[in-house]
Amino acid sequence: MADLPAITNNPDVRFLGRLLGDVIRAYGGEELYRRTEYIRAASVDRHRGAGAEVDLGLDRLSLDETLDFVRGFMLFSMLANLAEDRQGVAAEPGADVAAAIARLAGEGIDRATIVALLDQALIAPVLTAHPTEVRRKSMIDHRNRIAQLMAARDRGVAVTSDGDDVEQAIARQIALLWQTRVLRRERLYVTDEVETALSYLRDVFLPVLPGLYQRWDRALGERVPSFLKPGSWIGGDRDGNPNVVAESLTTALAKSCEAVLGHYLDAVHALGAELSISTEHVAVSPDLQALADASGDGAPSRADEPYRRALSGIYARLAATHLALTGKPAPRPGALTGKPYADAAALRRDLVVIAHALAEEAGGPLASGGALGRLIRAVDTFGFHLATLDLRQNSAVHERTVAEMLKIAGVADDYLALDEAARVDLLRAELANARPLVSPYATYSDDTASELAILRAAAAAHARYGPACIRQYVVSMAKSVSDLLEVHLMLKEVGLYRPGDPPSAAIMAVPLFETVSDLEAAPGIMTDWFALPEIAAIAQARGVQEVMIGYSDSNKDGGYLTSTWQLSRASEALVPVFAAAGIGLQLFHGRGGSVGRGGGSAFAAIRAQPPGTVQGRIRITEQGEVIAAKYGTRESATTNLEAIAAATLLASLEPPALSDADAARFGAAMDDVSAAAFAAYRGLVYETEGFRTFFRQMTPIAEIANLKIGSRPASRKKSDAIEDLRAIPWVFSWAQARVMLPGWYGVGQALAGFADKALLREMAESWPLFAATLANMEQVMAKADMRIAERYAALVEDRELADAIFPRIRDGYDLTRDGLLEVTGQSRLLEKNPALDASIRLRLPYIEPLNLLQIELMKRHRAGEEDDRVAEGILLSINAIATALRNSG
C-alpha cells in the first residue's frame with residue numbers, strides 16, 4: 001500500500017504492504033485498489049489531525065466492494081503483526097535465561113543456587129481452546145510460511161531450495177492469503193481444536209525445547225533438569241462444553257502419542273545414518289556392545305558398526321511401541337521386530353547407553369550433546385504423551401454426579417440437601433472405603449454416565465501412556481473442601497484414588513478460584529483442605545499442591561484493578577497456609593490474551609508476583625490468538641519460552657523489590673484504591689438498570705456468536721445475564737466497539753478519589769505489580785476510542801438509556817486516562833513506550849474504517865436486511881478488527 005513509509009519506520013511493514021497492494025491490484029482490479037488506497041490515505045490524514053471532515057468514502061462502497069475492502073485491511077493487519085513480531089517490537093530487555101543468570105549473579109546468587117531451584121521446578125505453558133482466535137488455520141499456515149521466507153530473505157537467500165525467487169514466493173503466499181476464505185463455514189469441533197493444538201506441539205514445541213535446553217545447559221555450565229514442559233486442556237476441558245466427551249480425551253491423547261513417537265522414530269533413523277562409527281577405529285563400552293548384540297541386527301554390512309546396530313534395535317522397539325500404543329504401524333516400518341518399550345524411561349535408558357559410550361571415547365567432539373542429546377532431552381520432556389492433558393469440570397456438575405452415585409448406591413438419598421460439614425464427613429467416609437459406588441447393573445443419567453466415562457478414559461490413559469499424561473483435575477468455581485473431595489470420590493471409582501494409610505491419588509484435584517469472593521475465600525478453603533490428615537498425607541507425598549486462579553471471571557465480576565489486586569492478595573495469603581502444612585505451592589494462572597482477561601507481558605506479570613508465590617513452579621494458560629502470536633513460529637516460541645523461564649528464575653530468586661514497610665504501605669493504599677474501583681465498576685455493570693440491554697445492543701455480542709471460532713457455547717447457561725456470559729465474549733464485544741471497558745473501567749474514579757497522589761506515583765515507580773498493572777491498562781486504553789464508541793452507542797434503541805449510560809463510560813475513560821498520566825508522569829498515553837506507541841498508531845487508521853463499516857452493516861442487519869453479504873460483512877469486520885487489535889479476546 002503506497003504511502004506506508006510515511007506512517008511506519010518498519011521496513012518489513014513497508015515491504016509486505018507494497019506486496020499486498022500489488023496483489024489487490026492484480027486480483028481485485030485497479031478500481032478496488034484505488035478505492036482501498038483512497039480510504040487508507042484519508043483515514044491516515046484523519047489520524048494526523050486533518051479533522052473529522054475528511055471524507056473516507058465508505059458510503060460509496062458496494063456490498064461486494066465492502067467485503068473485499070475489509071478483507072484487504074484485515075490482511076494488512078495480519079502482515080503488520082508478522083512484521084512487528086519479526087522486528088522485535090514486543091521483545092523485552094533481559095527476557096532470556098542468560099540475562100537472568102547474569103542479573104542474579106550481580107545480586108550474589110550463584111549458579112548452584114539456580115540449578116538447585118531447577119531441580120524441583122516446573123514451568124508449563126498450557127494450551128487451551130478458548131475461542132479468541134478468529135483466523136482459520138489455513139490463514140495462519142500461510143502467515144507462517146511468509147515468516148519463514150522473510151527469515152530466508154534476511155539471511156540473503158535469493159532463491160528457495162525449490163528454485164523459487166524468495167520475494168516472488170512471498171508475493172505468492174500473500175496472493176494465496178487474498179484468495180483463501182477468511183471465515184469458517186462450519187462450527188469448530190473438538191477434534192478440530194485438538195488438531196490445531198497438535199500442530200503447535202508437534203511442529204514448534206518438539207523441535208524448539210530441546211534446542212533451548214542446550215542453550216540453558218551452556219549458560220549454567222551443566223545439564224539442567226527438564227523443568228519446562230507443555231500442557232494442554234484441549235480434549236479434557238468439559239467446563240461448559242458438552243461436546244468434550246470420553247472420546248475427545250482418548251483422541252487427544254492418541255494423536256499426541258502418535259506425533260511424539262513419530263518424532264522419535266525419525267530422530268533415531270537419522271542417528272542411525274549419522275553414527276557410522278566402526279570398531280575398526282574405536283573400542284566400545286560393554287553396555288553399548290550388549291545393546292548392539294541384543295538388537296537382532298545381524299546384517300554383515302553393519303557387523304563392525306555397533307552404534308548403528310544398537311539404534312536398529314531401538315528403532316525396532318520404538319516401532320513396536322508405536323503399534324502397541326496407537327494401533328497403527330510405524331510410518332517407516334523397519335526390517336527388525338522388537339518388544340515395545342514399557343515407558344519412556346526405558347527408551348531413555350537405551351539412548352543414554354549410546355551417549356555414555358560416545359562420551360567415553362576420550363571426551364572428543366562426539367561427547368557433546370548434538371542430535372542424540374536433543375533426542376534424550378525430548379524423551380525427558382515429552383515422554384510418550386507429548387503434553388500433559390488436564391481434566392476440568394464445573395463443581396456444580398460434580399455435585400450432581402456424586403449425588404446420583406450416592407443415591408443409587410443407597411448411601412445418601414439427598415446429598416445436595418446436606419450442609420458442608422455433613423458433605424465432608426460423608427465423602428471422607430466413602431473415600432476410606434475401598435468398596436465402589438457405581439454398579440454396572442444400575443442406570444445413570446446421561447450427564448453422570450458421561451462424567452464416569454471420562455474418568456474411565458483417564459484411567460485407561462494412565463495405564464497406556466503413563467501417569468504423566470494426566471496429572472491435574474481442575475475444579476471450576478471451587479467454593480469448598482467438598483468440591484475437591486467429590487473429585488477424589490469419582491477418581492476412586494476408576495482406581496485413580498486408592499484408600500489406604502496413607503491413601504494415594506494419581507491425579508491432583510486443583511481448585512480454580514475465579515470470582516473476587518472466591519479469591520478472598522481461597523486461603524481459608526486451603527487451610528481446611530490441609531487440615532484433613534489423609535489429604536495432607538497425599539499432598540506431602542507429592543510435594544506440591546496446585547491452586548488455579550482465574551483472571552477472566554474475577555475481572556468480569558469486580559473490574560480490572562480489583563481483579564489484579566485480589567489475585568495478588570490471594571496468592572500472597574496462600575504462602576503461609578502452604579508453609580504451615582509443609583507443602584509446596586504451585587500456582588496455575590488462568591490468563592487470557594486481552595488485558596481484561598489477564599493478558600499483557602508474561603515476563604512482567606511473572607516478575608510482579610508476590611514474594612514466595614513462584615519458587616520455580618508456575619503454570620500459565622495460553623489461549624486463542626495468543627498461541628499463534630507466541631508459538632506460531634519457532635523463532636517466536638523460542639523468544640516467549642525464554643521469557644517465561646527467565647521471569648520464573650527472577651521471581652523465585654531475586655530479593656523482594658519492596659521492603660516490608662513499603663509493602664505494607666503500598667498494600668494499604670491498594671486496598672483503598674481497589675475498593676473504590678470495585679464500587680465504581682459494580683455500580684455501572686451490575687447495579688445500573690438497563691445496562692444488560694445497553695451492552696447487548698451497543699456491541700456486536702449477538703453477531704460474535706455466529707463466528708464459529710470455538711466448540712463451546714458463549715454462555716454457561718441459557719440466560720442473557722452478564723453473570724452467566726463467559727468472560728471471552730464479554731471482553732471481545734467491548735473490544736470490537738473500541739470501549740475496552742473490562743480493561744480500565746473504575747480505575748479512574750479510584751485514582752481521582754485517592755488523596756495522596758505522591759504515594760501513587762511512588763508505587764508506580766517502585767512496585768512491579770502496580771507498574772505492570774498500569775502498563776497493561778495503558779496499552780488497552782491506547783486502543784480504545786470514545787469517538788467511535790459513541791457511534792456504537794447510537795445502535796441502542798432506547799435513546800434515553802444510551803444517553804444515561806454512555807456518558808458515564810466516556811467520563812470514566814477520561815478520568816482513567818488523566819489519572820494514569822498523572823501517576824506515571826506522562827503528557828499522553830504511551831509517551832514512555834515509543835515502540836508500542838508506534839505499533840498502535842500504525843494500526844489505528846486501519847481499524848477506524850472497519851469500525852464504521854461494521855456499525856453500518858449492523859444497522860442494516862438488525863433492521864432486517866436479509867442479504868447474506870451483510871451478515872458476512874459483519875463477521876469479516878469482526879475478524880479484521882480482532883486481527884488489528886491483536887489481543888482483543
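## A buried threonine

At 15% relative accessibility, Thr180 counts as buried, because buried means under 20% relative accessible area. The model behind this value is predicted. Thr180 sits in the loop between helix H7 (166–178) and helix H8 (190–220).

## A buried serine

Ser480 is found in another loop. This loop runs between strand S5 (472–476) and helix H17 (481–492). Is Ser480 buried or exposed? Its relative accessible area is 14%, so Ser480 is buried.

Ser480 touches Glu420 and Ile525, with residues up to four places away in sequence left out of the count. Glu420 is also a polar partner. The side chains of Ser480 and Glu420 are joined by a polar contact of 3.5 Å.

## Helices H11 and H12

Now look at a pair of helices. H11 covers residues 306–326, and H12 covers residues 344–359. Their axes come within 11 Å. They cross at roughly 170°. Angles over 145 degrees count as roughly antiparallel, and H11 and H12 are therefore roughly antiparallel to each other.

Which residues of H11 and H12 make the contact? H11 supplies Tyr307, Ala310, Leu311, Ile314, Arg317 and Leu318. H12 supplies Leu347, Asp350, Leu351, Ile354, Ala357 and Leu358. Sorted by class, the contact of H11 with H12 has 10 nonpolar residues and 2 charged ones. No polar residues take part.

## Helices H1 and H6

Here is a second pair. H1 spans residues 11–28, and H6 spans residues 137–154. The two axes come within 13 Å and cross at roughly 120°.

The crossing of H1 past H6 is right-handed. On the H1 side, the contact is made by Asp12, Phe15 and Leu16. On the H6 side, Ile146, Met150 and Arg153 make it. By class, the contact of H1 with H6 has 4 nonpolar residues, 2 charged residues and no polar ones.

Key
Residues numbered from 1 in each chain as written. Predicted model: local features only at pLDDT ≥ 70, side-chain atom pairs only at ≥ 80, totals over all residues. Heavy atoms only, no water. Axes fitted to C-alpha atoms, helices over the stretch in contact; angles between N-to-C directions. Helix = DSSP H or I, 4+ residues; strand = E, 2+ residues; numbered from the N terminus. Parallel < 35°, antiparallel > 145°, perpendicular 65-115°, else oblique. Contact = heavy atoms within 4.5 Å. Nonpolar A, V, L, I, M, F, W, Y, C, P; charged D, E, K, R; others polar. Left-handed = near helix turned anticlockwise from the far one by under 90°. Buried < 20%, exposed > 50% of the residue type's maximum accessible area, 1.4 Å probe, protein only. Polar contact = N/O pair within 3.5 Å; in protein donor to acceptor, adjacent residues only side chain to side chain.
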